Amino acid sequence: MFPAIELIAINKSFGAVHANKGVSLSVARGTIHGIVGENGAGKSTLMSILYGFYEADSGEIRVNGAPIRIRSSNDAIGAGIGMVHQHFMLVEPLTVVENVMLGAEGGAMLRAGEAKVRKELARLAQDYGLDIDVDAIVGELSVGLQQRVEILKALYRGADILILDEPTAVLTPSEADALFDLLRSLKEQGKTVVLITHKLREIMAVTDRVSVMRRGEMVATVETADTSPPELAELMVGRRVLLRVEKTEKAPGAPVLEVRNLSIIDARGVLRVADATFTVHAGEIVGIAGVAGNGQSELLEAIAGMRRLSLGSVRLEGRDIPSSQHNPHRMRELGLLHVPEDRLRMGLVPSFPAFESAILGFSHESQLGPGPLLDHDRLVADLAKTMEQYDVRPPAPRLKTSNFSGGNQQKIVLAREIERNPKVLLVGQPTRGVDIGAIEFIHRRLIALRDAGVGILLVSVELDEIMHLSDRILTMCGGRITGERRAAETNEQDLGLLMAGVTDEAA
Amino acid sequence: MSAPIEMPKWADTVLVPAISVVAAFLIAGLVVLSIGENPLTATRYLLQGSLGTGEGLGFTLFYATDFIFVGLAVAVAYHAGLFNIGGEGQATLAGLGIALALNNLTFLPGFVLVPAGILAAAAFGAAWAAVPGYLQAKRGSHIVITTIMFNWLASVLIVYLLVNVLREPQSMNPETRTFPGASHIPFMHEAFAWFGITIPTSQLNLTLILALVSAYLIWLLIYRSRLGYAIRVVGANPAAAVYAGISPARIIIIAMVLSGALAGGLAVNELMGYQHRLLLEFTSGYGFVGIAVALMGRAHPMGIILASLLFGILYQGGAELAFEQPNITRDMVVVIGGIIILFAGALDGLFRRLVAYLLSRTKLAGA
């Protein structure tokens, strides 16, 4: 039997960047095939070629043994390839039925097409256990269910081969488990699944075979049963990496950040954070676990002074912060520094040269230049030094910020905040879009900072990261803090329940 | 993951605009051809009229002075992420400021009166820009809409004032009396005459030097100062500004105030340097040309100076051309100017993409 997909010697360049170098891949029918690799390894490019967003410079694509040319996503759909993007392509105000119909209405009038969609959705629900209220407004569905709608869309269009790009990035652990169950049932029905992810745990849990990409090349394809996460990590990075940085037990010091009854109501009148109370001590990492969008971002921004508190108070090193002083500028002066969640939207200015991004938030510091001016030579020299210490590549302070990889951008942000000796450090998603090698480096730095007595509040949607780094873990759901655990005394299932809003009282 | 447009600085700042201008001239040439005139002759008249004679050059530089000010005005606002369409209105009000200051402070000596007039221009222009700036910063009223409205307000206000208040009783013209002689900014030919050098007579005056100094100071402000840094952060990434503790509202107002003050330079050049009285419509639409100048100059002071020169050549050479070749009317010259604006401003991305593509090809072939 022919493989479902064969990619043979695919080459693709963007300008001087050779994103795919002679990549070959064979995906057997009726299997779940994982593709792993660091950011920029070429996974997304390869899948975009398969789905018709880009055309390869050279190479051949075969589907079920027959060579085909895929020039658009319509060609891909025609060949039975469906894709579920990391960022959903859904129209939120429309219902599930309307979203599935979109682009396949079957004529100027909707009635006939709609009846067909309903029938087909009922069949799919039965075949794959894909149960969903077809008349629900998509925007009101949970993220996990929205993802189901994406999968339904692909299946409705006759997809035999389903590509999922980082599907669990937005899911709770239990939602992720439900997704994996679904993928397994798709596999049993003879569908082929290609799963792109950087989470090795998921690869191990659900795939049959896994291919590893590194710097545009396909470096290995192995049976999942014959490999292990450390081996995959080594293949991805090209050297041995520690997936878990060791840290010693340490008794926390005095409270440095005390948050009391903090509530935030946003401009639209929605309650984003409800009555959050917690303390971070010196020399302690407190992790906040939660699915993205449950109030963690607003909480961080409020503590940093970027948002007005609707209720509650913040104390820093035992001192009340009056609301008149609760702004980013003053908080920095008081020693509360902030590595924001979204470095490209907030932490850096992508269009600036790196040395200008490296003073964001600190452009008023008197040592940066004479009077009202900034001394560029000095800024460049300063950043050059920092780049060496933090191993930023390339070590080019004048290079445009957006030209650095995610990991190196994050190092620039981290260096900027750490080198100013924080007393409290707020850290949001420190390793989002960061490659494994840099993750290890960043984790080491954060632990070193904790050991030096800094109080760290860490927000991350990566549960692994929270569990590795934190001394204490808080969970958030729907803007509320739903639980608190010592990191040593909890596990994923436990946290997963708390993150889903099942509180201790209810349990 | 699309291919980013990256190219060397020289290509970005020199090559692409140059290609745009050449393409614009080619298309304009076709237009000239279509009305039965020889484009080469037309080009010769254009260049000869603007650069070929000392007098022509003087007029070219006079226009360029106007364009540098309004170009800088648009650029400063642009760096803060604002599109200030209100150069016309701001310059008009600056003219009012000049007239009020100069005709009421006649007792002052020249070396005080001239700076007083310039400051009045800057203050009135700034004030007229500050209101839309405030509305944008605090109320979210879109700056494009409000500055356009303020152009109309300025235009009717000045008509009312010139007809009913500021006009000399015995004069039929809606204009003020002539400013005191001490307040006139010397013409360039006068300034050269002090050193015994004779140059052809033109409207060109010492305001050109003020324009060049302003360009340097704006460069220093935008690219080297803490305030300029804050302005660029707000323009490039408002969320990052909030994170950094920079108040976007404050920066928006500051940028608009600076922008309006710079637009006032147009009034200084036209009124204190040349007309020596306040009259209707002295801005002649140059406030809008500033948008094209800033676009073409990539909002960089050096680029703005070069673009201002080009537009100065077009305005002066175009006038000569219309004079020499009656078939090519002033309207036709406006069409040619429009084509250049279209290519240099709106279609800029077209050539940018093409050049980036060609450069990356040659780089790959070379590698």
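Across which strands of chain A does helix α6 (residues 173–188) lie, and at about what angle to β8(A) does this helix run? The legends below take up this question and then turn to other parts of this predicted model.

**Figure 1. Helix α6 of chain A against its strands in the predicted model.** Helix α6(A), residues 173–188, lies across β3 (32–37), β7 and β8 of chain A, and the helix runs at about 145° to β8(A). Helix α5(A), which spans residues 143–156, lies across β6 and β7 of chain A and runs at about 165° to β6(A).

**Figure 2. The six-stranded open sheet of chain A.** The strands follow one another in the order β6-β7-β8-β3-β9-β10, with mixed pairing. At the edges stand β6 (81–84) and β10 (217–223) of chain A, each of which pairs on one side only. Neighbouring strands of this sheet are turned against each other by 20° on average, when direction is ignored. Strands of a sheet pair through backbone hydrogen bonds, in either a parallel or an antiparallel sense. For β7 (residues 161–165) and β8 (residues 192–196) of chain A the sense is parallel, and the pairing extends over five bridges. Within this pair, V194(A) of β8(A) is the residue that stands opposite I163(A).

**Figure 3. Domain 1 and domain 2 of chain A.** Domain 1 of chain A covers residues 5–237 and domain 2 of chain A covers residues 255–499, and their centres, taken over C-alpha atoms, are separated by 33 Å. The contact between them draws on 10 residues from domain 1 of chain A and 12 residues from domain 2 of chain A. On the side of domain 1 that touches domain 2, the elements that give two or more residues are α6 and α8 (229–237) of chain A, and α8(A) provides the largest share with three residues. By class, this side of domain 1 of chain A has five nonpolar, four polar and one charged residues.

**Figure 4. The contact between chain B and chain A.** Chain B brings 20 residues to the contact, and chain A brings 28 residues. Three helices of chain B, namely α9 (226–236), α10 (238–243) and α15 (348–366), each supply at least two residues of the side that touches chain A. Helix α9(B) gives the most to this side, with six residues. The residues on the side of chain B that touches chain A divide into 13 nonpolar, four polar and three charged.

**Figure 5. Helix α12 of chain B and the residue just after the helix.** Helix α12(B), residues 286–296, is mostly covered, with 10 of its 11 residues buried. Among these buried residues are Y286(B), G287(B), V289(B), G290(B) and I291(B), together with A292(B), V293(B), A294(B), L295(B) and M296(B). Just after α12(B), R298(B) takes a positive phi of about 50°.

**Figure 6. Chain B as a whole.** Chain B contains 15 helices and zero strands. A compact globule with 367 residues would have a radius of gyration near 21 Å, and the value for chain B, 22 Å, agrees with this. The C-alpha atoms of chain B fill a box of roughly 75 × 60 × 40 Å, taken along the principal axes. Of the 367 residues in chain B, 48% are buried. Among the contacts in chain B with a separation of 6 or more, 76% are between residues 24 or more positions apart.

How values were computed. Residues numbered from 1 in each chain as written. Chains lettered and ligands numbered in written order. Predicted model: local features only at pLDDT ≥ 70, side-chain atom pairs only at ≥ 80, totals over all residues. Contact = placed C-beta atoms within 7 Å. Helix = DSSP H or I, 4+ residues; strand = E, 2+ residues; numbered from the N terminus. Nonpolar A, V, L, I, M, F, W, Y, C, P; charged D, E, K, R; others polar. Buried ≥ 20, exposed ≤ 12 C-beta atoms within 10 Å, placed from the backbone. Pairing = 2+ DSSP bridges. Axes fitted to C-alpha atoms, helices over the stretch in contact; angles between N-to-C directions. Domains from an automatic or database assignment. Rg over C-alpha atoms; globule rule 2.2 N^0.38 Å.
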